[in-house]
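Hello,

Here is the structure I promised to pass on. My notes follow below it.

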Amino acid sequence: MKETTTVSCITADYPWYQSFLIHFITWKETIQSRAMWDHEIKGMASVHAAIASSIFMATLVPAVIVEKFSVYGTHLVWVYSVAASVAVVNIAMFWLLGVGLVAKRNTLSYKVSRAIRSSLYFTLSCFFYHIIVILYGAPLLESALETFSLAVLLSTFTTLRCLCLLGPSVQAWIRVFSRDGAMSVWDTSLQITTACSVIGAWLGAFPIPLDWDRPWQVWPISCTMGATFGFLSGLVIAPFWIHWHRKQLTYKSK
Amino acid sequence: MGTARMKRLPVLALLLWVCAMFYVGIYLFVGGFLLVRLEVNKSSSCSDSLPPGTGTQDFCPVEPRFRRAVVLIIDALKIDFARFDSHNISPRPFENKLPVLEEMKSSHPAHSRLFAFRADPPTTTMQRIKGFTTGSLPTFVDVGNNFASSAILEDNLVHQLGEAGKRVVFMGDDTWESLFPKKFHRSLPFPSFNVKDLHTVDDGILKHLYSTMEGSEWDVLIAHFLGVDHCGHRFGPNHPAMADKLTQMDRVIRSVIERLQNDTLLVVMGDHGMTDSGDHGGESLKETDAALFFYSPTPTFPPTLSQAEPEVVPQTDLVPTLALLLGVPIPYSSIGQVILPFFPEESQASGVQTYLSQLEALWINAKQVNRFLETYSHIAKDIPPESLSMLREQFSFLLAEYSGMVKEGQAASPTLVTALQSYLTAVRNVCRATWAKFNPLKMTAGILILTTSCLLCLAMSEMSEMVRDSFMPWASLVVGAFVGGTVAAGQQGSLGYVDIAWCLGAAIFFSQLLFIWRLCCAKDNGGGGARDSGPRQTGWRILPTLSIPLLVLALRCTSLLSDSYVIAEGRVATFLLLSLSFYIPLHLNWDGLLLPFSPESQKAPGLLPPPPLPSSVIRRESLILLACLGVLVASLYLSLFFHNCREEQGTCDPSPFLLPLARVQDSRLRNLHYVLSVVALAAWNYLLYWWLRHYGNLNSPGPAAFTARWPLPLASICAGLYWAVSSTPEETFRGLAELIALALVALPRIAFAFLGLGTTLLWLSPLTVFLKPRQVACPQGPTPLPRYRASTGVSPEAELRHLIPQLYQRMRRSLEDGEPSGSPEGHSGPAMEAYGLGTVYSAPLVLLTGLLGLGLLLLHSEGMALAFLLLLLEAAALLHLHASSVTLESLQGPQKEVFSVPWVSVLLWDLAATQFFHATGHLPTFPSIQWDAAFVGFPKGHVGTLLPGSLVTLNTFSSHILFAVGCPLLLFWPLVCEVRALRQGHGASKEDAVMEMRLRERPQKFSSALVQLAARCFFIKGAQVLASVLAAAILRRHLMVWKVFAPKLMFEASGFVVASVFTLIAFTLVMRVDFAVSGMFKKLIPEHSR
């Protein structure tokens, strides 16, 4: 990965309700060469492969270590193991290794404040998802832990990646999820994986009312599975999709 | 002015025709789906010799077992009520209240016997009476006749008893009188419809029962008590009133037993059971299992082992048993099986008794059933041939066995008895399986017409530009009438009769074809006209613009094909509604319209012109959108607490708000509920009032504003008082009983009268506009100032906010031209202010919705006021959400003057109707119909069936009605909210807000927008009807068809009919307003000035 990216922070004089920093990620140069493209996509695919394999590992390793482990039986263990491994791999890949994004300032205090804000955002996002899931019809009080686990898993799949790629800036997140908002292959992949995870969880709610009496229809197993499969398929789809649409994807440089 | 006028009548005619297409499709399908079992119009008689006959006296033995019988029918006497458990120390109100049965069973085991009497669904009283007098199976379609029961034409027990010369005396439920007119020797019917009345029928019976029994003027006495059933409906089984009622029944049974004579049989039976909430109609065991108790003063039954659980007897079995015991022929169509314990096992030829033995009784029974089956299979072909031949084979085997046995004089073998029993059971099962029979041809035709109707609506909505004044369905109608007439003539000629369904079907189908063909032609021709590239593009642009809403609609329709999703429909609708409402901001954000981009990113493409509006406008609009989303989501979530429960949903508690307050035992809770309801009612009123005042509509001196000011609040006060009166327990104010009874009649009627008055006034003069010359020094006399001023002062901005004086540019110009002398400096400022002109179309609609909502709320239980308030909030939030998204799109996108309502909004609107159908405590099942609605204002019951029927219909589909009436608001709301955006955007310098007058300026576009909106509404509703029709058709042999799919189809279809009627009413009101506005302008602008 070449040093082609910078981060520029623009603080505009916006009213109080626009207190968030307007944060833009821009490329120094427009990527022109095909080779560069392939390089980017290959890098992304390998990162995705690492994340996907971490999910499989998170399923296999506890099966060896933990007694009586099963995805349905001890579902919460599985959920948290997947969430933790995905989080670790994401943070390692994006933040520590600096894939996709390199911070402008490298001072310790900046990093610490960034980390604190990121964890705050992550917690808020967990509660946000929790509320959304309850609004969608999850039980309010009973099995609150299960609901919250789903929220944590969804936050890991979506918010954490946003935090890693875009930093703790809601403005930037909102900007990414628009048609012309993606400014790099990483942004496009973020769009795809986030949408796939959320749609997967949404689809996962469908079998719950059916009278099939299957173990995976128990709340929240179908939704967590749906989110996981959605995320996995997003990881797989993103490189191919970007590869096929590379002609249309012309990332604007400033 | 006045040259370009909207064509009102053609638009209405078009919509009416579209509705008619759907009606005919539904009519055709339902006609094929819900067919009645063919009735065999033959009667048994004593002289019949049953084939293969050996003796001629099959039916009428010399010596019947009993000469007389007393049949006590205790409506809804569930089997649980008849059980007695001496170990139960603290029985619930319905337990251990009939000890007489247990006493008789233990002290006289040979005299009495208790059975569980299993009814066939539908467990409604009329079907049950029909079932246990004819011995046949009722069919689904009879459910609709419950309150208009017509005479039974099939052979039945009452008829047979009459033929045999028995004097049948009847007393009780007046349903019998309508089922068996003039069949009784003496009849004492009492009114049955009033569910709240626990005592009239029972007291009436008791007044005559004992005296009749002691007299000699009877052979069979039928007494039908209704108290237990009504107690269940009113209070549920778990209520002290039920204990009182059952104890009373216990005394009745004791008294009757004391008066029995030796030749008399006593039958005590329930016609069906009840659920835990006291309702019935479905097919759960709680509803089907009633008690059946026999007692005879002479020993009748063989000794049995200890009878822990009563044996289960199907309801059809009573008919052959009673017939043989009383010595009358078994009714022709009976498929029941004799109850064996009544007959001795061996024919004791040597003894004194000459009664039928088990074998003889069963043999007569089997021959009778076989005869019926043969006759039936001759006239109808619906019993599958393979089962028929199987049954025939079984019967011939039995015949050989039996005749062999008789010839050899053997003793009756138990195996033959068992074989006969299994034959009879097999016949019953085959009949049960068959008598839900369908007419596939009609069903297919219905589906075809519904499909083409949906397609036509889709085409109309996407090509609404082409559906113009000149393009109206007159030609189609003529062709349709012609084809229908031809088909009718053809039928008359070839068949000799006319099946109206086919004529209508053919007529509609051909008119549809012609319309679609003309639409295609117009599309091609239109391409050569003004916009040559337009139509082709519209054709291609349909799919992407539809995609997500179309997907959600497809999900909704697919969910109707699965019983689990139909059972969970309330949650499914909420889920989809929520998803779709989240989709709106996400989609806007995806298009980059939700948040203003900073100038840098806007400049980058270099293609779009810089937005003319400052980003604060967009930000403000986005905030409004998100706030509306919040309100919508909150009211959606809260509305989940008002759901009712289906019996299939295991762990589910119905909402406590569904209970009428009179049934709430805890007085503090009752007061709390009452206060909440009244607060909700007040909020409902205040919101409407506030909205009308905000847009200046209340300044109008006309009747419409009067309606908002007086009849609406007065009706609400009546409603609040009515709730107070109806929720007071009867015991508290004994002295005021008469006053309370009067108030129960008068208050709701007064409220309805106010609402009716309001609606009439609104219809007569729907304008809510107040005209005021702006110049203070206007020569024409003093004009009253508007009453509603901003409370904060009279600063221009506040005035704008609170009064919204609408200045109609053309009107002003015309006025100036017409009266040059009247206002010399007219050009400097507008001559006239018209308060409320900007919301001239939506104000009457809002008002009508408010009036209707109040009326419908009165038909619900008090707690539903909260649900109705949520409905109003959600509807408002939806409208604002829709308006904000449209505004955001138009502010930043290309400016276009197209009044098109996007699919998302229409689908959201329709899903909200479905969602509130559930959130007002309704379910698509028959037991959950809120019959109480028929007694609001009519606590004594009704004479006819039309009024109670329509009240119950209004109650059931109230959510559909409200959302249908509000449907045109989707078109107006973005224009109503326009002022907000414009004020921010253009400031005071630009033109004044024109709001809904924008529509009047372009009558062509107005009418095509109306047509498009209606077409989209009808398409979405029609697609759901089509889906439930398909579900019923495809899954017609599904286990759940009569429990889930058929009721769902009935509710969906009737919901469509009701909703479409009210949609038409709303569109008519819009036309009425348009007419009135034209009239107003004509009056304002003198004839010579034009």
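In which sense do strand 2 and strand 7 of chain B pair, and over how many bridges? They pair in the antiparallel sense, over seven bridges. Please keep in mind that this is a predicted model.

Strand 7 of chain B

Strand 2 of chain B covers residues 112-118, and strand 7 of chain B covers residues 289-295. Leu114(B) has Phe293(B) of strand 7 as its bridge partner. Strand 7 of chain B also pairs with strand 6 (residues 264-269) of chain B. That pairing is antiparallel too, over four bridges. There, Met269(B) stands opposite Leu292(B).

Look at the side chains next. Asp289(B), Ala291(B), Phe293(B) and Tyr295(B) point one way from strand 7 of chain B. Ala290(B), Leu292(B) and Phe294(B) point the other way. Every one of these residues is buried. Because seven of the seven residues of strand 7 of chain B are buried, the strand is largely enclosed by the rest of the structure.

A helix pair in chain B

Helix 23 (residues 667-694) and helix 30 (residues 864-892) of chain B pack with their axes 8 Å apart. The angle is about 30°. Angles under 35 degrees count as roughly parallel, so helix 23 and helix 30 of chain B are roughly parallel to each other. Their crossing is left-handed.

Helix 23 of chain B brings residues including Leu676(B), Ser677(B) and Trp684(B) to the contact. Helix 30 of chain B brings, among them, Phe868(B), Leu869(B) and Leu872(B). The residues of this contact divide into 11 nonpolar, one polar and no charged.

Best wishes

Conventions. Residues numbered from 1 in each chain as written. Chains lettered and ligands numbered in written order. Predicted model: local features only at pLDDT ≥ 70, side-chain atom pairs only at ≥ 80, totals over all residues. Heavy atoms only, no water. Buried < 20%, exposed > 50% of the residue type's maximum accessible area, 1.4 Å probe, protein only. Helix = DSSP H or I, 4+ residues; strand = E, 2+ residues; numbered from the N terminus. Pairing = 2+ DSSP bridges. Axes fitted to C-alpha atoms, helices over the stretch in contact; angles between N-to-C directions. Parallel < 35°, antiparallel > 145°, perpendicular 65-115°, else oblique. Left-handed = near helix turned anticlockwise from the far one by under 90°. Contact = heavy atoms within 4.5 Å. Nonpolar A, V, L, I, M, F, W, Y, C, P; charged D, E, K, R; others polar.
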